[in-house]
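This report describes a protein through its strands, contacts and local backbone geometry. Please consult the sequence and the coordinates alongside the text.

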Amino acid sequence: MVRQLLVRILFVFASCSALSAYAQTQAGNLQISQPTVRTTSPGQMMSSAYLVIENKGATPDRLVSVSYSRAKEVQIHEMKMDGDKMMMRQMTALEIPANGSVELKSGGYHLMMLGLQEPIKEGDSVKMTLQFEKAGKVDISFQTKSMAGMKH
Ligand SMILES: [Cu+2]
C-alpha cells in the first residue's frame with residue numbers, strides 16, 4: 001500500500017519534471033514552446049530571445065508586440081543576408097501562418113531586448129508578455145541560456 005503510493009508519487013514527480021523541460025504554453029490556437037533568452041556579459045545592455053510559435057488554427061495570427069518590465073524596449077527582428085552582409089531589420093509584426101509555425105532562432109527571427117536594467121544570469125527566469133492580434137496577451141517565462149561564441 002505504502003509502496004504503491006510511493007511509486008505513484010514518483011511517477012507524478014517524473015511527469016512534472018518532463019513537463020518543465022519542455023515548457024509549452026497554450027493560448028487560443030497558439031502553442032508556444034522552447035522560450036529561451038541569452039544571458040548577458042558584464043555591461044551588456046541588450047540580449048535576444050527565441051521561441052517557437054505554432055498556430056493550430058485555420059486563420060493566421062500576428063505577434064504585434066513584446067514587453068519586458070526590466071527592459072526599455074523589446075523589438076521583433078529579422079536577420080537576412082544582403083549580398084554577403086548579414087543585416088538585421090525591425091519588423092512591425094510577425095505573421096504566424098494558419099496551421100503552421102514560426103521559429104525564432106539565432107540567425108533568423110528573434111526578439112531583441114534593448115536597454116536592459118539588470119543583467120540576465122544563468123538560472124534566471126525572464127517573464128515577458130507577448131501580444132498577439134487574435135490570441136491576445138500571453139505571459140511567457142523564458143529560460144536563460146548562455147550562448148557564448150554564437151553571434152547575434
Ligand atoms: Cu536583433
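Glycine 136 belongs to strand E11, which covers residues 136–145; helices (H or I, at least four residues) and strands (E, at least two) are DSSP runs, numbered from the N terminus. With 12 other C-beta atoms within 10 Å, glycine 136 is exposed. The burial scale calls a residue buried if 20 or more other C-beta atoms lie within 10 Å of its own, exposed if 12 or fewer, and partly exposed in between, with C-beta atoms placed from the backbone. Glycine 136 and aspartate 61 are 75 residues apart along the chain, and their C-alpha atoms are separated by 9.8 Å.

## Basis and confidence of the model

The model is predicted: local features need pLDDT of at least 70, side-chain atom pairs count only at pLDDT 80 or more, and totals for chains, interfaces and linings use all residues. Residues are numbered from 1 along each chain as its sequence is written.

The average pLDDT, the predictor's confidence in each residue from 0 to 100, is 88 for the protein, and 82% of the residues score at least 70. Over residues 15–20 the pLDDT is below 50, and this stretch has zero contacts in the model beyond near neighbours in sequence. Two residues are in contact if their C-beta atoms, placed from the backbone, lie within 7 Å.

## Overall organisation

From the N terminus on, the order of elements is α-β-β-β-β-β-β-β-β-β-β-β. Of the 152 residues in the protein, 20% are buried. Among contacts between residues at least 6 apart in sequence, 68% join residues at least 24 apart.

## Strand E3 and its partners

Strand E3 spans residues 47–55; seven of its nine residues are buried, so the strand is largely enclosed by the rest of the structure. Pairing of two strands requires that DSSP find at least two bridges between them. Strand E2 (residues 30–38) pairs with E3 in the antiparallel sense over six bridges, and valine 37 has alanine 49 as its bridge partner in E3.

E3 also pairs in the antiparallel sense with strand E8 (residues 100–104), over five bridges; here glutamate 54 stands opposite serine 101 in E8. Three further bridges join E3 to strand E9 (residues 110–116), and these two strands run antiparallel. In that pairing, serine 48 stands opposite methionine 112 in E9.

## The nonpolar core

Which residues have the most contacts inside the largest nonpolar core? They are Ala49, Val74, Leu111 and Met128, in a core of 24 residues. E2, E3, strand E4 (61–67), strand E5 (71–82), E9 and strand E10 (125–132) each supply at least two residues of this core. A nonpolar core is a set of buried Ala, Val, Leu, Ile, Met, Phe, Trp, Tyr and Cys residues joined through C-beta atoms within 7 Å. In soluble globular proteins, nonpolar side chains tend to be buried together.

Leucine 111 touches Ser48, Ala49, Val66, Val74, Ile76 and Leu104, not counting residues up to four places away in sequence.

## Lysine 127 in strand E10

Lysine 127 is located in strand E10. It is partly exposed, with 13 other C-beta atoms within 10 Å. Not counting residues up to four places away in sequence, lysine 127 touches Asp139 and Ser141. Lysine 127 and aspartate 139 are 12 residues apart in sequence, and the C-alpha to C-alpha distance between them is 6.7 Å.

Strand E1 (residues 24–27) and E2 run antiparallel and are joined by four bridges, with glutamine 26 opposite glutamine 31 in E2. The hairpin of E1 and E2 has two residues between the strands, and in it glycine 28 takes a positive phi near 60°.

Positive phi values also occur in residues other than glycine. Glutamine 34, with phi near 55°, lies in strand E2 and counts as partly exposed, with 16 C-beta neighbours inside 10 Å. Asparagine 99 has a phi near 50° and lies in the loop between strand E7 (94–96) and E8. Asparagine 99 is exposed, with 12 other C-beta atoms within 10 Å.
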